[in-house]
Structure formats: C-alpha cells, structure tokens
Amino acid sequence: MTDVQGAPAVPLATGGRLSLRPSQGVKSLSFSTVITLILLAVLFLLHGGFYDSLFVFSLTFAIVVVGMVLQVGYSHQLAFHQSVFMMAGAYGVAILSTKYHYPVWLAMILVVVASALVGLLLGFYVTRVPGFALALATLFFSVIVVGFVEYNNYLGAQTGLGPVPYVITGPNYTRSLEWSGTVTIVLLGISVYIVSRILNSTIGLELALMAGNETIAEGVGIITARRKLELFVLGSAFAALGGTLFATTQQFVTPATFSQVAEITFLVMLFLGGRTSILGGLIGAIGIEFLSGTSNWISTNEGIIEGVLITVVLLYFPAGLIGILTWIWNVAWGLISGKYGTRSLRQVTRQAALPAGGLARRRRPAAATAGGGELADSTGVRALPNRGALPNGEALPNGEALPGGSAGAAQPVPDGPADRRGGELECRELTKAFGGVVAVDAVSLSISGPGIYAICGPNGAGKTTLFELIAGGLKADGGEVYIDGVNATRMLPHERAQLGMARTLQTVRLMNARSIIDNVAVAALESHRTFMAGALVTSGLEEARARAWGALERLGIAHLAEQRPAQLTLEVQRTVELARAIVAGPHLLLLDEPASGLSVEQRERLSRTLQEVAQDTTVVLVEHDLQMVARIAKQIFVLVDGRLVFSGDPNGFLNSDVVRSELMGLVEEEAILETTSRRGAEEPDSV
Amino acid sequence: MSTWGNLTLAGLTAGGMYAVFALCFVTLFRTAGVLNLAVGDFAMLGALGSDYVLETYHTGFAAAIAISLVAIAVFSYAYDRVVLRPALEGRRSTETIVVIFFFTFALSFFIEGVGKNLFGVDVRSPPPLWPGPALSFWGLHLEKAGALVMILAAVCGIAFAAYLRFSLRGKALSACGQDTFGARVVGIRQSQYRAGMFTAMAVLAAIFGIVISPITGFVYTTGGTLGLFGLIGAAFAAFNRPGRAVIVGLAIGLAESYLGEFSTQYQDTLLYGALVAIILIRPQILGINPIRAA
C-alpha cells in the first residue's frame, strides 16, 4: 500500500511525519522525568538539615497544587476541598501508623484509595451543584472539619498526632529525610505525568471546551457531569497523597496546618505560578513555601507581598510566573539565535497559558498566519485546494503534524450513521412556562429528511425556548420530543448529541486559546463516552483533527486551521462553529440565529453553505432574517406568543394571511433594509 | 426566659454585624458587579486604624475616626482606579469573575498584611462610641454597642433597599450592575458609579468596624472571618436583595447564638455545617450565580 507520492502509506492523520515525532505520551513522560531528576538533584544538593526539610515540605504542597492545575486552573471547576482531603490523608496515615501500627507505605495506599472513594461518593452529589454554590459550600469544608478535629481527643485535638514514621527510615535523620524526600519526588513525578498526559490528550481538549462553555460541551456529546466528578475524585486523591507524604515527612500532624489558610495558600500558589501550567504550579508551590520558610522578612510581610504579587500577576501576567520565565527564555533564545524582538511579553504570557508543560516552544506556519481570517472563496462551501498554506508535516499547536498536507489527503467529513438521509424530529404538544408566562404553548411539529427547516417569529415568540427544549437545554413542562423516532424528552443534551443531533448558540462560543482545528476537532473526539483513565493509554486526537480538517475543507476555511478564533472575522467564527457542529456527521443540526450580525453578502454566503450542508443533513434554524428563510427553507414554522400559528413551504409562508398579519411589518421592514443595504454596496460613494 | 432572651439579643447583635457586611456585598455586587472579599478587612482597618491614630498621635477620638475614614476612602478609591478599573474595563474585562474575584482576595491579603505590621497581633479596640454600662430591661442585658449595631443594620438595610428601588440614581446604579454595556449606552457613567460605590462600601464597613469593636475586639484577621458570614448572608440574598441580606445576616447571628448554648466547642462547626447543607441541598436558594452573571 502506497500513497500518491509512492511513499509507504501511514495513517492519514499523521501527515506522513508523525512517526518521526515523539507521541504525547512520550512527551509527558519526558517532561515528568526531567522534573523528577531536577528535584532529586536539588534534594541531594541541599543534603539534609533545615533547607532539605523545608524543600520536602514544599513538595507535599506541590502535589496538591498539581492536582489543582487540572481541576481549578485548567478546567475552571472552582471547588475548595483540597485542604480537607490533604488533612484526611495526613490524619489517615497518622492514625493507621501510630494507633494501629500499620506499615507506613500500606497506610498511604489505603488512605489514598479510601480518599478517592470518599471523593467519589461526595463528588457524586457535590459536583451536580451549580458552579458558585459548589465554590461557596466547599469553601467551608475546612472550617467544619478542622473545627471538629480541634476538639476531638481521639484525633489529638489541637496538639495533633505523631510521631509518624518516615516512609523509609534511614540510619540517621538526614538519610531518612532524603529517602522519604526521594519517595515524595517520585510520587510527585508520577502526578505530573498523569496531569500532563490528561491535559495533552483528547480529555484535555474536552476540559478546555467545558471550561469555556458547558452548554456547547454537552451539545457536542461530552458528559460534563462525569468529567466534573472525575476531576473532583482526582483532586481529592492528589490532595490525600500530598497529605500522606506531609505526615510521613514532617512526622506530626496538627489541625491548624489544614485550616482555611491552607486552602487560600494553595490558590495563591496556583495563581502566582501560572494556573494552567504544571510547571507554573510547581514553581508557585515550591517557590512560595521555600521562600517564606527561609526568609524572615518574607515571612513577616507575607500578606503584603502575596497581595501585591497576585494583583500584579493577574493584571499584567495572566500566565503567572511561568509566563514571565517563558518570556525570559524566549528573549535569551532569541538573542542567541539572533531573532530577538519579534514577540512581546504579553504575547508570550498568553501563549504560556496553554496547557503544555511550560517552556515548550511552538511553531506556526507563516503562510497560515497570513490568511487574514477571511473565508477562502466567495461561496465558502467548496473544498478548496490547500493553497500551499499548510505543507505536509507542518506543526500543529501541540507539535503534531497537520492532517493531510498533500494532495487530496484531507479526510472527508464522515457521513454519520444516517447514510445521508437526514434526521427526523417530532415535537408533540411541547410546553414550557416561566412563572406565569407560557413561552411555548403545546407546540407540535414534525420534520423529516434532509433540508432546511426554519422557526420564525417576532421577539419573545418562544423560538429560542422551543430550540432549547429540542436541544435539551431546557426541561419541558409538558409534551414530548422525538429524535429519529426515539423519545428524547428526558434525555440530557449529551445523550441527544449521541443520537445524532448537533447545535450552535446565538452568540459565538469558541476556545480562544486553541487553534481553529482544535475548536472543531473537539466535537469529533471518540473519548466523549470514555473515562478519564482512558486518556492515559489512548489519544485519538490525531483522528479527530483529521476529521476536523475535512470539515474545515468542506466549508472552505481549512487554510485558517492554525489560527486562533480571536484573529478571525465574525463570519469566519460562525463558519468554524458550523464546522464544529457538522464534524461528527449529525443527522439533525440545530442553528440558533446563524445569520445574526452578518452583512447581506455574508448572509448570502451563509445561505449557500447551509444549502450545501443540508443536502445530507436536516438543518433546523431559528432565524429573524425572513428573506433568507423564505429563500432557503424547505418548510417554515411561525411562532407567535408561544403558539405555532403557521407551518408550510416558503410560498405558503409569504402568502399566508396569518403570517402577513403577524409578521408583515417585519417582512416589509427587512425588505427595505436589504434594498437599502444593496444600494449602499453598489454605490459606495453615495451618502 | 431571660437566658433565651439574652441569647436572642446576643444573636441579634452578632447578626447585625453579619447583616451589614452582607449588605455591603449585595449593594456593591448589585450596582457594580464586584464581589469585594476585603469588606471585613476594611472594618478591621476602620477599628484598628482609628485606635492607632488616637494612641500614636493623641488626637481626639472624633479626629482619629475622621482621619482613618478619609485614609480608607482615599485608599479604596485609588484601588478602584489602579486595579479594578483596568481589571474590569481593560483588556482583562473578558476574564471571568473567578479571576476578578481574586483581585479583592489579594486586596484582603494586602490589608491583613498591613494590619499585622501596623497594629501588631494583639486584640485591640478603640473606645466605644456610646460609652457606659449595658442597657438593662425586663431582666435582659444589651451592650450599647450591640444596640448601635442593630440600629445601624436596620437603618442601612431599609435605606439601601429604598434607595435602589425607588430613587432614580439608585435605579441607575442597579442598571450598571445588571448590564454594564447597556448602562454606558444610555449615558450612565458606570466607572464613576463603581468607584463611588466601592469607596462608600469600604467606608461603611470601616464605620461599622468602629461601632462593633467594643464587642468583638479586633486583630488583623478578624475582618476576614466576619466578612465570610457576610458573604454567606449575601449569597442567600442572591447578591441583589438588600432587605433579605439583612434578614439572613440576623438569622445567622441568632442560629450561632442558640447553637452556642448547646455546644460552645462545636458552635461554628455546626453552624457552618448547617449552612453548607442548605447550600448543597437547595442551591437554587442562592438565586443568581455571580460566576455566570459576569
């Protein structure tokens, strides 16, 4: 088997070059190994004594912070349970080893597993609580638990428990500390590997989308509740591991160590170091603990210094200290290689906020960035040649090869399970009320087969409410929704997505820190239904990017694959959203006001794009542009005051008395506007 | 009877403190979309600052209060200009409330750090505003400072609720908090309003710190703890209902007082446990989500 150039064929997604590059697994392993070796070197250079003890102490905090990088920094799941689980880990080991004489290593394993299980049970309920309530509730966990332990004599009350044996006891204090420190560093290295592997996997991409917008994440099929639970369990396990190591290296545990102050300290470490970077988290944790322990001045003025530093970092260096270090590194590298001065500190700190290990440099194809953020051609629907912008093997943001750089290599958007017959949607007596206002009143409609179907109506008619009832964003008070004959009324949005439905939102929601191709690839991942642990053994990112490439080519924007959304026009951003919606090959595509904010010419391009997409997909759109709807829709439904007042084809729509009486003013007004806009475009000099 | 009566009065006194802090949270969030986590620290700064000026420069008590309040007003206004303005209106304006939240978190660290260095680590308090023995009636005893707290809480609660609901300027302020862009479009100077409200709430908290200090005594970390109860009170008032914030603050104070009768050791544990349970069981009681609202 050979490709068109006669070279041995390789998987399409690799662009023929991936085999020469290290996989993400190897990169994560290398990164964690380097971190481990550096920390081991520091440990043995310090060689016992106060500084060594302080260093090991800071490493136990670093494990907790590494977990927080994943949960809080990267995924924006604001839960403050870490200090409580660290306390559970420390006290668990202290109790088992001092009261029941378990070997320390066995106690550590038991405690971490038990903590993960408790995290699972607690998280099963807690993670379903909405964002702010979760943050507020967990903020007081440590107050409750510490308040209980402080007066519990079995747990040593305020004096605590100890002495806890070292995990490996040496011939003297220095050796015991060094050996226990070595175990701590190895376990920290494993933690770094796990988090790095997750961040750079398909799950990392899912988490990035979740952090930006959960509705969209659920709309592409991600089971957000499961991901939140997994993050909570992982965060609990990392914190407990840090706690067990704290107990075995410090030998005494007291409740005061794990008060609310500890939780705040973790957050300070995370934000100062760089909240989305593992290396940043490590620098924050080790740096702050080590410096405040070694300098009396810093210790005395800790509050002032932390307050000023956090403010300055948040205001000017959003990527934290790691962003500043990255900038220094790049300047130094630029000076050596003679390329200094091409990028500002701000650009670098923003880029450093991406989840890679920290100081990794990225290549960007020059031709791709010169694309200007516009659609490839006037129609925006034809799959264009690559225009040489992305030659075979160019690097994607994560360092992998681009899919299909050579002729005809792009993978087509999959047809999906519906074999180009479109989908079926049926609403039966669908009803939704908000207080005394009935937004959707017993609406019944039926849609079948490929084509464009439009839902119209004046403002406040209930269009978006109906759309959300179909998409699963709102729960119906009455009635039923059937997708492809399956009763989906009680299904969650991700379950509806798995039936073959996709959606967009009224406002553009893209991941600004990710490339266009990743923004689309996230909807094509196979990992939506897998557990997070699966990310450690498989990736699937390359396949998803290949499919994303196909979708981008189909919509004529493949040449912009490497760009970031913020660099693009609204029209292109909406096209990217459309690509994300079609990449998984849905039968049913729900679009909420896709023409909103677009000019007349852009709407015409969008119309042609939608008509092309609708050749094999059932497209349902909510839209205010009645002219556009009348031109492209196969069937139109009109809602007024939550009730369906019209259903029919465009001819019937334009001639219907009901429509004329309810919407005529709008039709006339839009026709005038369009005519005026066209004249303006044809006569640019006229005022 | 007198025991429960005194517990109730003690609860209302503590609740009055929480109510005013909750009020500060609600008013600022409703009008400026900012959660000021340092509001309790401004109370500490007011109490210990006036005491510090009085003892160090031997001014009269009224002058000490005036100097510390002016200093707090200048500092909070400058903070808004230097930090909050670029954070909320500059290139960081697209950032989530999670980050914005951390600005006032950092402010709290800073104020506590300054307090530790300037005022030391001992519990202190300025002289009471209303000196003399406790009020006694029907076998009940009420500290005069406690009476002031309750009066202040009630007056502030009613005044803020009425101001925001009925006055034109109050409605304009609410509009700023609800829709910054919309407020700007119709000509409301949102930036000025926010700076004014941020300063006003800091000064109000400082005044309140001076009022309550004879009851609580202050150390540099006291404000943070008091502010937390205020945050809960505000959260239960959905961050937009001043009247409800006062009621919730009073209820928390009463619950704390009654629980103290059963167990002084686990008083806070039980109280926080109950509050957390309510949040987890009925999260919708919090109303809006400030994270999403931003």
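Ala433(A) stands opposite Val438(A) in strand S2 of chain A. Strands here are DSSP runs of E with at least two residues, helices are DSSP runs of H or I with at least four, and both are numbered from the N terminus. The model is predicted: local features need pLDDT of at least 70, side-chain atom pairs count only at pLDDT 80 or more, and totals for chains, interfaces and linings use all residues. Residues are numbered from 1 along each chain as its sequence is written, chains are lettered from A and ligands numbered from 1 in the order in which they are written, and side-chain values use heavy atoms, without hydrogens and water.

Stay with that pair of strands. S1(A) and S2(A) form a hairpin with two residues between them. In the turn, Gly435(A) has a positive phi of about 65°. Strand S1 covers residues 424–434 of chain A and runs antiparallel to S2(A), with eight bridges joining them. Two strands count as paired if DSSP finds at least two bridges between them. Further along, Leu430(A) has Val443(A) in S2(A) as its bridge partner.

Strands of a sheet pair through backbone hydrogen bonds.

Contact means heavy atoms within 4.5 Å.

Chain A also holds an open sheet of six strands, in the order S6-S7-S8-S3-S9-S10, with mixed pairing. Strand S6 (501–503) and strand S10 (643–648) stand at its edges. Each has a single partner strand, so one side of each is left without a neighbour in the sheet. The twist averages 20° from one strand to the next. Five bridges join strand S9 (residues 635–640) to S10(A), and the two run antiparallel. Within this pair, Val638(A) has Phe646(A) as its bridge partner. H18(A) packs on this sheet too, touching strand S3 (451–456), S6, strand S7 (588–592), strand S8 (618–622) and S9. Its direction makes about 150° with that of S7(A).

Now turn to chain B. Chain B has twelve helices and two strands. From the N terminus on, the elements run α-α-α-α-β-β-α-α-α-α-α-α-α-α. Of its 294 residues, 55% count as buried, meaning under 20% relative accessible area, with exposed over 50% and partly exposed in between (1.4 Å probe, protein chains only). Residues 24 or more positions apart account for 77% of the contacts in chain B with a separation of 6 or more.

Helix H2 (residues 39–57) of chain B has 19 residues. Of these, 15 are buried, so H2(B) is largely enclosed by the rest of the structure. Just after H2(B), His58(B) takes a positive phi of about 55°.

Finish in helix H6 (residues 168–178) of chain B, where Ser174(B) is found. Ser174(B) is buried, with a relative accessible area of 6%. Leaving aside neighbours within four places in sequence, Ser174(B) is in contact with Arg30(B), Thr31(B) and Leu164(B).

Definitions and conventions:
Expected span 1.5 Å × (residues − 1). Axes fitted to C-alpha atoms, helices over the stretch in contact; angles between N-to-C directions.
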